[in-house]
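Please read the sequence and the model below side by side.

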Amino acid sequence: MSGTTGAGGWARRPLFWIVVLVVFALGVGYLYRPQGQASEDVRRSYFRTTPDGVAALARGIDRLGRATAPRTTPLADADPVRGTIVLLQPRAFPSPREVRGLLDRLRDGGTLVYIPPYLTTGGGGTAKSPLMDSLGIRFRLFSLADQIREQTLEEPRWHEHALTAGLDPPGSFVHGLRIDGEDYPDSTGVHDVRRLLTAEDPGSSGWEWIVAAEFGFGEGRVVIFSEGGPVSNEQAGGHPLAVLAVRAALAYTNEADTVFFDEFHQGIRGDRTRAEVLRDFFLGSPGGRTLLHLVAVGFLVLACLGLRFGAPFPAVAPPDLERRSPLEHVSALGDLYRKAGAGNTAALLLVARLARTTRNPPPRTTADADALLRRLDVGVGANTPLARARRGLVVSPPDLAAVAAGIDEYLAARG
């Protein structure tokens, strides 16, 4: 027992090495895990309470008197577009058909709270999504040099408007917008552009970029922001731009309407099955992949512990391991008993087998065994099987091979 509890005993167990390999693999995986994975999965989602989500913004609007709800269906060929739509840095662009449906809603008097995604092209410029193109919105290029220098827009300032009254001084920003309809009112259907927050470009003399603005589109209204960070859970509690977003949702949404957060274009859809949800968890999240590996290793350990690696005895003995005959087996067993000084016990056990077969009580002493052999020996002469067994029994030490051979021969002849 001591050999299995020490370090040497554990080292001889396969389970010990399985555990060592799993711990080593987990350690290596942790040290070489991908960096920045959490920041690449930024979603301005109604459902997320993590720093990148906007659950706090939705709860704030709801508590101040306007109902909020997630929209997990597309903006075309699904539920009608109604209420106020909140579209915050969507991960998937609305299709042209969805854009038409949304613009129709705006023309009929709807409201859109919009933070477009910042997009760049391979040629060193900014790109537009279909919705940005329809609204005539374009971003200021945040160049590589600006990123290296961590250059931000300077001197942000609020403009006079009912939505900006009494707001605290804003912080710094890196992205700015231009709205074509501000200079060309007839080009996109955009009208009455009113700047809410602007900041100056340090690379040009006094050029102001829009950080927040509102404008009309048909009978409706669009409130637009250049950045999503200020309305996220991480910053919403102390950023004036989040207050501006809440004020806009309250001001331009009727009490009977609902503020719908577009989750479909954040990649969150209402038609996913439970199997898809589980698949995304186990294959699309770090915690899920870790759990999946642990489950797989656990099943592997259980399989190894319960697997039989072949039969315990070969069906055909190898040539160098020929199976012993019954007589050789008895001889070897007799040698063991003889070395242990238990020859009489072994002889009594052999005779006990004969007693059970002939339905007699097993003998307890050598005399009882001899009497049983005499009683059962009905043959004539001194060379009957049981006579030979009696001679092997009474010698000292007993001749176990002779006893076993005599009893086997007697039983075989008996039937």
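Is alanine 248 buried or exposed? Alanine 248 is buried, with a relative accessible area of 0%; buried stands for under 20% relative accessible area, exposed for over 50%, and partly exposed for what lies in between, with a 1.4 Å probe and protein chains only. The model is a predicted one, in which local features need pLDDT of at least 70 and side-chain atom pairs count only at pLDDT 80 or more, while totals for chains, interfaces and linings use all residues. Residues are numbered from 1 along each chain as its sequence is written, and side-chain values use heavy atoms, with hydrogens and water left out.

Alanine 248 belongs to helix 11 (residues 240–251). Helices (H or I, at least four residues) and strands (E, at least two) are DSSP runs, numbered from the N terminus. Leaving aside neighbours within four places in sequence, alanine 248 is in contact with Leu163 and Val223, where contact means heavy atoms within 4.5 Å. Alanine 162 is 86 residues away from alanine 248 in sequence, and the C-alpha to C-alpha distance between them is 9.8 Å.

The chain as a whole has 18 helices and 10 strands. Of its 415 residues, 39% are buried. Among contacts with a separation of 6 or more, 62% come from residues 24 or more positions apart. The chain exposes about 24100 Å², and carbon and sulfur atoms supply 57% of that area; accessible areas come from the Shrake-Rupley method with a 1.4 Å probe, and for residues only the protein chains shown count as cover.

Several loop residues can be taken in turn. Histidine 175, in the loop between strand 5 (154–158) and strand 6 (177–179), is buried, with a relative accessible area of 14%. Not counting residues up to four places away in sequence, histidine 175 touches Tyr118, Phe139, Phe142, Leu153, Val211, Ser226 and Glu227. Threonine 50 sits in the loop between helix 4 (37–40) and helix 5 (55–63). Threonine 50 is partly exposed, at 37% relative accessible area. From threonine 50 to serine 232 there are 182 residues in sequence, but 8.9 Å in space, C-alpha to C-alpha.

Most residues other than glycine have a negative phi. Aspartate 77 is not a glycine, yet has a positive phi of about 60°. Its place is the loop between strand 1 (67–71) and strand 2 (84–88), and aspartate 77 is exposed, with a relative accessible area of 64%. Glutamine 89, also not a glycine, has a positive phi of about 45°. Glutamine 89 lies in the loop between strand 2 and helix 6 (96–107) and is partly exposed, with a relative accessible area of 23%.

Now consider helix 17. Why is helix 17 described as largely enclosed by the rest of the structure? Helix 17 (residues 385–394) is described so because 7 of its 10 residues are buried. The buried residues in helix 17 are Pro385, Leu386, Ala387, Ala389, Arg390, Gly392 and Leu393.

Helix 16 (residues 366–376) packs against helix 17 at an angle of about 165°, with the axes 9 Å apart. Axes are lines fitted to C-alpha atoms, for helices over the stretch in contact, and angles run from 0 to 180 degrees between N-to-C directions. The crossing of helix 16 and helix 17 is left-handed, in that the near helix is turned anticlockwise from the far one by less than a right angle (right-handed if clockwise). On the helix 16 side, Thr366, Ala369, Asp370, Leu373, Arg374 and Leu376 meet Leu386, Ala389, Arg390, Leu393 and Val394 of helix 17. The residues of this contact divide into 7 nonpolar, 1 polar and 3 charged; Ala, Val, Leu, Ile, Met, Phe, Trp, Tyr, Cys and Pro count as nonpolar, Asp, Glu, Lys and Arg as charged, and the others, Gly among them, as polar.

Helix 17 also packs with helix 18 (residues 400–414), their axes coming within 8 Å and crossing at roughly 160°. Helix 17 and helix 18 are therefore roughly antiparallel to each other, and their crossing is left-handed. Pro385, Leu386, Arg388, Ala389, Gly392 and Leu393 of helix 17 make the contact with Ala402, Val403, Gly406, Ile407, Glu409 and Tyr410 of helix 18. By class, the contact of helix 17 with helix 18 has 8 nonpolar, 2 polar and 2 charged residues.

Methods
Parallel < 35°, antiparallel > 145°, perpendicular 65-115°, else oblique.
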